[in-house]
Each structure stands twice: as C-alpha cells, then as structure tokens.
Amino acid sequence: MTGPVAAAEGVLAQSLRSIRLEDVPVAQPTARLHAATGLLLESTGAALPLGARCLIDSPSGMPLPAQVVGFRGAVSYLMPLRQAAGLATGLATGARVVPEGEHQQPLIGPSWLGRVVNGLGEPLDGKGRLGGETPLPAQPPKVHPLKKRPIDQALDVGVRCINGLLTLGRGQRVGLFAGSGVGKSVLLGMVTRQTEADVIVVGLIGERGREVREFIDQALGPEGMRRAIVVVAPADEPALLRMMAAELCHSIAAHFRDQGSNVLLLLDSLTRYAMARREIALALGEPPATRGYPPSVFSMLPQLVESAGNGEQGAGSMTAIYTVLAEGDDQQDPVADTARAILDGHIVLRRELAERGHYPAIDVGASISRCMPQVVSEAQLQAAREAKELMSRYAQVGDLIPMGAYVPGADMRTDRAVQRWPQLEAYVRQGTHESAALPACWAQLREVLA
C-alpha cells in the first residue's frame, strides 16, 4: 500500500510504539450514593479506601466534597467536608461518588504567619493563596518518647498568678478548665499577647463564629497576628472538618517546632474536638459508653495530645494550652477527667471567683503545674507552696470573719493566712492589659510572704 494512506498508517504505528503502558488511561472507579442519614452518606459500587477524598455530584452543579470515614461490607460511609446546607440540597440516591485520587497535601512555610485558614489548610482571610515548600502531613508527627528534649526552662506567660504559683515550662501541655462565662477567653487573650514565643498557632474549634474576629482583633491584635496562624472551624462546620482543624493545628505547630522555633499552641477547645469525634463515632454505629462518649474518643485524645510537647534535641519547643469545658462546672466530666490524666498540669477557673469580680478567676488550690519543680529553684518552689497553703487556710475561715466567729490566737498559721490575705489576693488579681514579667512575679511573691 502506497500513498498518503500508507504514510498515515506508518505515523500511527510509530505513535503506538512510543506509548508506555502506564500512560494508557484506565477506567476510574465510580461509586453511587446509596443512602443519606443525618451527616452520614452511604455509597456502593466501588471499593473506597478509608480516608479517601471524594466528590459527590449535586443538582447545583457544584460537587460536594466528602471523605471516607468507614465501611461495612460493600457499603462505604462518607462525611461532608463542607457545610452540607445548600450544596447537598437535592442529593438523591444514585448520585455519582468520584474519588479524587491522590490528595495533594498543602505546602507550608513562613508565608503562613499572619494568616487565617480552615481545617483543610485553605485561606479564609482573602489575602490570596498560601505559599510554602514543605508538605504538611495529614496527621501530626510523633516524637519518640526517649528522644524528646526534657522540659527545663520556665515559660513567661505574663500572668502573675500563673508565673508565680503555677509556673509553666517550655514544651509543657496544660489544660485550662472552665465553665461558660468565667473569663476563659480573656485569660487566653492575656496569655497570647504576653507569652514569649516565636510562632503562635491558635485553633478555634467548635466555638461561636462571632469570637473569631474578636479574638483576632482584641486578643491577638496587629502585633500578635504577625507571628500567629489561626485555624478556624466554627460550630456550624461539619464534625469532620472540626476534627481535622484540631489535628491541623498540631501539624502546623510541629512543623515550626522542628524548624527550631519556640511555638505556643492554643486549642479552644479540646472538648469540642472530643464532641466532633463523638458525632462521627455515633454516626458510624459505635455504642456510647461514658455519658454518651464512645470508647474511641478516649483513645484518640492521648494520640492528639502526645503530638505536642518538645521535639528532639536541636529542635525548638511546642507549648500547648488546651481549654476544657466543664459542662455545668462539673470537673468530673469524662473529657475533663481524661484531660487531667494526660496533660502536664491543669488550671481551674471558678465561677464563684468570677462572680466576686476576681479576675483571672483561677482557683490556685485546685490547679497544679506538674513541670514547675523542673523549671524553678527550690526557694521559688517553697514560696509558691507556702502561698498556696496560706490561701487554703484562709478559705477555711474566710466566711467566719464577717460574722465575728473567728478568734485569733488558736492557730499561728491560720493567723498568718488572715494577716497576709489582702496582699495575696492583690497578688493573684490582674488587669486584662496588665503585664507581669516572670522575674518580677517571683520578687513580688517574696515581698508578699516576707
């Protein structure tokens, strides 16, 4: 055969020989939506691996992103990654569920400082795309317990009561236990503005959307925002996105820690993270155990918390402060009880103190910093213990003094507590915009006890 036909066939044969097998497109597995119950979507028709990202066709023309969270037999369970209202309107059985393939992890770098992102690492502040050169892992990295750098340096948080009586160390993980309306957010703002840290990572998880702008403008301010990264997942976001936002905070903080920076991680709140895990577990059919929380919640909390703390020798530090909501001021709430066991200390805020105008409303007697003996001298430790003892003794007789039922002279230590109470009370009180440096706090404590 000669002529143009033969030439065309020769070109076609040459092209076929140059095609590699891996370049040949293959059919993409596509599942179909089978059922939708609450937040849980069920699909059949294709094996979708756990954790895979998918797109679900919707009548609006905008696919609904979702992630595989479980499977049973031939049924894969998915949860939406976006607010389903509006996007999911009109979803019907048989809708296509298309896997996204290999998910590209966001790239992180110094350009993230001063930005506000969601649980997927996408910008929310309208300042353009985020740049970076290092892939951010989906799960927070773990540090071998024998390779972790010990906590041996005090951390100045600018709050006199904490600096003097509950001194924290760089790399410590501490819980801030409080009910609603007792000054938790105000105390977090004081710590955020005054703590000595190179990078501040703030996670606003499951809180009111109104608080996001208030925290950025009032707690951080322009100066604090320059060294901060804010991860936002308000209460109206899907449970999966709230959970991912909390884990993203730890991944971001761990990245800068491993780059040699001193990082402060503030997660508000650990309870909302546990509630998001509970929503997902209950939707998947896991039986409730303690006060409605499935067992998997209490196994995931240590995994999240253990990713915080100091890194290996040569790396920076990562101090973490988690707020824990005490429902109805119940300190025996299962999440609060678990958090106390896995954290390196707890700071308790009391409603009774807040109602008396005592701010910050820290109950010194019920609070403890387990790392304080490692970062202060023996003299400072003894002074803090003496102050706590005097405050405890005064609490026993404080109600008797106005009634005239207290008789001095029966106990010398109690008399000293009553005598020193005005100075002790002034010491643990502090204005919202008042700063208290660590050396000055120790010096003032010695004066109070002199």
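In this predicted model, S185, L188, G189, T192 and R193 of helix α4 meet E211, F215, Q218, A219 and L220 of helix α5. By class, four nonpolar, four polar and two charged residues make up this contact of α4 with α5. The points below start with the geometry of this pair and then move on to other helices.

**Helices α4 and α5**
- Helix α4 covers residues 184-194 and helix α5 covers residues 210-225; their axes come within 9 Å and cross at roughly 45°.
- That angle makes α4 oblique to α5.
- The crossing in which α4 passes α5 is right-handed.

- Helix α12 (residues 378-397) has 20 residues, which at 1.5 Å a residue should span 28 Å; its end C-alpha atoms are 29 Å apart, so the two values agree.
- Buried residues of α12 are Q380, L381, A383, A384, A387, L390, M391, Y394 and V397.
- Among the elements covering those buried residues are α3 (160-165), α11 (372-375), α13 (412-428) and α14 (438-449).

**Helices α13 and α14**
- On the α13 side, R416, R420, Q423, L424 and Y427 meet C441, Q444, L445, V448 and L449 of α14.
- The contact of α13 with α14 divides into six nonpolar, two polar and two charged residues.

Note on methods
Residues are numbered from 1 along each chain as its sequence is written. This is a predicted model: local features need pLDDT of at least 70, side-chain atom pairs count only at pLDDT 80 or more; totals for chains, interfaces and linings use all residues. Side-chain values use heavy atoms; hydrogens and water are left out. Axes are lines fitted to C-alpha atoms, for helices over the stretch in contact, and angles run from 0 to 180 degrees between N-to-C directions. Helices (H or I, at least four residues) and strands (E, at least two) are DSSP runs, numbered from the N terminus. Angles under 35 degrees count as roughly parallel, over 145 as roughly antiparallel, 65 to 115 as roughly perpendicular and the rest as oblique. A crossing is left-handed if the near helix is turned anticlockwise from the far one by less than a right angle, and right-handed if clockwise. Contact means heavy atoms within 4.5 Å. Ala, Val, Leu, Ile, Met, Phe, Trp, Tyr, Cys and Pro count as nonpolar, Asp, Glu, Lys and Arg as charged, and the others, Gly among them, as polar. The expected span of a helix is 1.5 Å times one less than its number of residues. Buried means under 20% relative accessible area, exposed over 50%, partly exposed in between (1.4 Å probe, protein chains only).
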